[in-house]
Amino acid sequence: MTVSKTMLDAIAEHTTISADTMWPEGALAIKPAGYFGNATSNQFHIWYMFNKKPSLIQEAIDCAKEFGYSAEDKEEFVEQVINYAAAILGRDMLKIVKGCSLSQTNPKFAYDTEKTIASAEGFIKAYNNLGVPTEKVIIKVPATFQALEAAAVLKAKGIKTLGTMVHSLAQGIAAAEAGCVAISTYVDELAANIDVSLLKEYDNLEDNYGWALTRDIHNYYRAYSIKTRNIAAAMIGLDVTVGLTGIDEMTIPISCLEKLATTPAPADFTPRLASTINIEDAPPEDKFMHDRAKLEAAIAANKVATFRIGDAIATFEKYDSLTRQMIAAFISK
């Protein structure tokens, strides 16, 4: 189907469009190289690409060996294979995007500052060894107090971070305080991003928790001139995606990109989110990174956020475990 202007292009006039995939061919089937801003990854994406492209496992194993890691130290070797798989995928996506490749730290370490730092540095080392400069990589860390402390340390080392799994305004504020260059606010439920049959439809966008939260953070950042980019993520539904036009950036999965690229844009289309927000139209200004108890209490008081953060960590741990099993089985052949 060919249309004069698609919803994808209409949104792109107001919001940076990034690819929520590590599959270059899939992205290029929708738009040519140079169209997308960034490319994002997580534990699900690595597992998915291992299944889609089994040769990636051997390539990552070969890289780990080339750079001095031995399969005799099984746990460390598997960790490095994951690092190199992420770096290989990110390197290849950098050939078609304008900005950066994003890799997500080990979800098991969401509440451990030092291990989150080590996980981030493991990715950076793998990227560097493959010829990708640090400035072309953004490391995704969970927006917990401990991981955001890690983000502040990583910033001091010249490593860019994104606060991910943002399900509350408090997390969005804290991530900006910690020096994250961006955040990922999840819109649709994570389970629906993996199985679209679970997607919930809403008659009113205001009833969609993720949409309303993303709008609130957009208003907060714009009202108080916060430079951290608000990136809407985990979007499957067309209505929420179109309804967030005007946000800094969207990272959109292939299935949603395909729908947007074949949906005509109304001639009178305008963004729903304003570029300029007055303070009186934004949530009250606040601070959280000076007080761990305050941030954790704010999250705990929000039942939806509490559930969604736990669910995201558990989901990514699940796919990380499946990936490690695949690597171990491959090595043992």
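**Figure 1. Helix H14 supplies the largest share of the lining of the largest cavity, 4 residues.** The model is predicted, with local features needing pLDDT of at least 70 and side-chain atom pairs pLDDT 80 or more, while totals for chains, interfaces and linings use all residues. Residues are numbered from 1 along each chain as its sequence is written, and side-chain values use heavy atoms, without hydrogens and water. Helices are DSSP runs of H or I with at least four residues, numbered from the N terminus. At least two lining residues come from each of helix H3 (43–52), helix H5 (74–93), H6 and helix H14 (303–332).

**Figure 2. The largest cavity holds about 70 Å³ of space.** A cavity is a set of points on a 1 Å grid over the protein atoms alone where a 1.4 Å probe fits but cannot get out; lining residues have an atom within 4 Å of a point. A volume is the space filled by probe spheres set on the points, which are joined across faces, edges and corners. Among the lining residues are Gln43, Glu79, Phe123 and Tyr319. The lining has 4 nonpolar (Ala, Val, Leu, Ile, Met, Phe, Trp, Tyr, Cys, Pro), 5 polar and 3 charged (Asp, Glu, Lys, Arg) residues, the others, including Gly, counting as polar.

**Figure 3. The second largest cavity holds about 60 Å³ of space.** Its lining includes Val187, Asp188, Tyr202 and Arg308. By class, 5 of the lining residues are nonpolar, 1 is polar and 4 are charged.

**Figure 4. Thr113 lies in helix H6 (residues 113–129).**

Terms used: On a 1 Å grid over the protein atoms alone, a cavity is a set of points where a 1.4 Å probe fits but cannot get out, and a pocket is an open set with protein on both sides within 12 Å along at least five of seven lines; lining residues have an atom within 4 Å of a point.
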